[in-house]
Amino acid sequence: MALWMSRSLRTLLNEAGPDGRAEALTELKAAIAGREVTTLPATLTPPDAEIARIAALLLDDLAELHLLQLRSVDRPDATRLATTSAGRWLRTTQLHHAGRMRRRAVGVMCAEPPDVPEATHVRYLTTATGMLAFGDYYEMIALIVTFPFDGPDDPRAQRGARDMAMASQATSATRMLFEIDLAGPALDVAYQSMWVRAMADAREEELLPTIRRWRRWTGLGG
């Protein structure tokens, strides 16, 4: 049976191009080289164990980055808002991390061996989709946290609160999927396939337009 891919991941790979895909794969291999995960079930097949290891290591690497973003919310305006040099550095740093998460999604797709079983392929799809989502949500929160609103009555502040809450909840749900579903000995292929497709639809129809809106408001373009 021919392997399938969501439109979000296909677009991501196409936009990366051959050089970008090769670079992303090299970065991924360097990030996980020599690192083991001792908590994976012994019943996983070798192909499933490898992608479960990749997913666990990538999730572990996100811990410090999410802590940076969490702490940035409590910074005073002088070091948080993008109207200051410190705030612009904070935003630039977080956008760099968001881009790296998206490159990890490219690397995961490029790391998939040929002729894997459908369930293993879905593990790769789910891992890549999750990393892409982490990058999108991370960028959205970074743009909102560093945005200089015109006071509490600014309608963008209300929109920012809603968008940030959505991104935070979605990030937590995706993290749980990594911790529980991808590391489990069995994978619900039908459910994960549905999740990958649903995330792709949500990204195209809702998430990307929202990110583009915040980019325009911050002066970074659409």
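**Ground rules**

I am working on a predicted model, where local features need pLDDT of at least 70, side-chain atom pairs count only at pLDDT 80 or more, and totals for chains, interfaces and linings use all residues. Numbering runs from 1 along each chain as its sequence is written, and side-chain values use heavy atoms, with hydrogens and water left out.

**Core**

I started with the largest nonpolar core, which has 50 residues. A core here is a set of buried Ala, Val, Leu, Ile, Met, Phe, Trp, Tyr and Cys residues joined through side-chain atoms within 4.5 Å. For burial I use relative accessible area: buried is under 20%, exposed is over 50%, and partly exposed is in between, with a 1.4 Å probe and protein chains only.

Which residues have the most contacts inside the core? I noted Ile 54, Met 101, Val 108, Met 131, Phe 134, Tyr 137 and Phe 178. The helices α1 (7-32), α2 (46-72), α4 (85-111), α5, α6 (155-181) and α7 each supply at least two residues of this core. The top contributor is α5, with 15 residues. Helices are DSSP runs of H or I with at least four residues, strands are runs of E with at least two, and both are numbered from the N terminus.

**Cavity**

On a 1 Å grid over the protein atoms alone, a cavity is a set of points where a 1.4 Å probe fits but cannot get out; a pocket is an open set with protein on both sides within 12 Å along at least five of seven lines; lining residues have an atom within 4 Å of a point. Points are joined across faces, edges and corners, and a volume is the space filled by probe spheres set on them.

I get one cavity of 30 Å³ or more. The largest cavity holds about 70 Å³. Its lining includes Ser 6, Thr 129, Asp 136, Met 199 and Arg 203. Both α5 (118-145) and α7 (189-218) supply at least two lining residues each, and α7 gives the most, with five. By class I noted six nonpolar, three polar and two charged residues. The classes are: Ala, Val, Leu, Ile, Met, Phe, Trp, Tyr, Cys and Pro nonpolar; Asp, Glu, Lys and Arg charged; the others, Gly among them, polar.

**Pockets**

The largest pocket has a volume of about 330 Å³. It is lined by 17 residues, and Thr 11, Leu 12, Glu 15, Arg 102 and Arg 203 lie nearest its centre. I already had Arg 203 in the lining of the largest cavity. For this pocket, α1, α4 and α7 each supply at least two lining residues, with α1 giving the most, six. The lining divides into five nonpolar, four polar and eight charged residues.

I put the second largest pocket at about 220 Å³. Among its lining residues are His 66, Gln 69, Ile 141, Met 164 and Arg 175. Here α2 and α6 each supply at least two, and α6 gives the most, with five. The classes come to four nonpolar, five polar and one charged.

**Rings**

How many aromatic pairs are there? I count five. Phe 147 and Phe 149 have ring centres 4.8 Å apart and planes at 55°, so the pair is tilted. The rule: rings of Phe, Tyr and Trp (its six-membered ring) pair if their centres lie within 6.5 Å, with planes under 30 degrees apart stacked, over 60 edge-to-face and the rest tilted. Phe 147 is buried at 4%, while Phe 149 is partly exposed at 28%.

**Single residues**

Asp 115 has a positive phi of about 65° although it is not a glycine. I find Asp 115 in the loop between α4 and α5, exposed at 77%. Ala 42 sits in the loop between α1 and α2 and is exposed at 83%.
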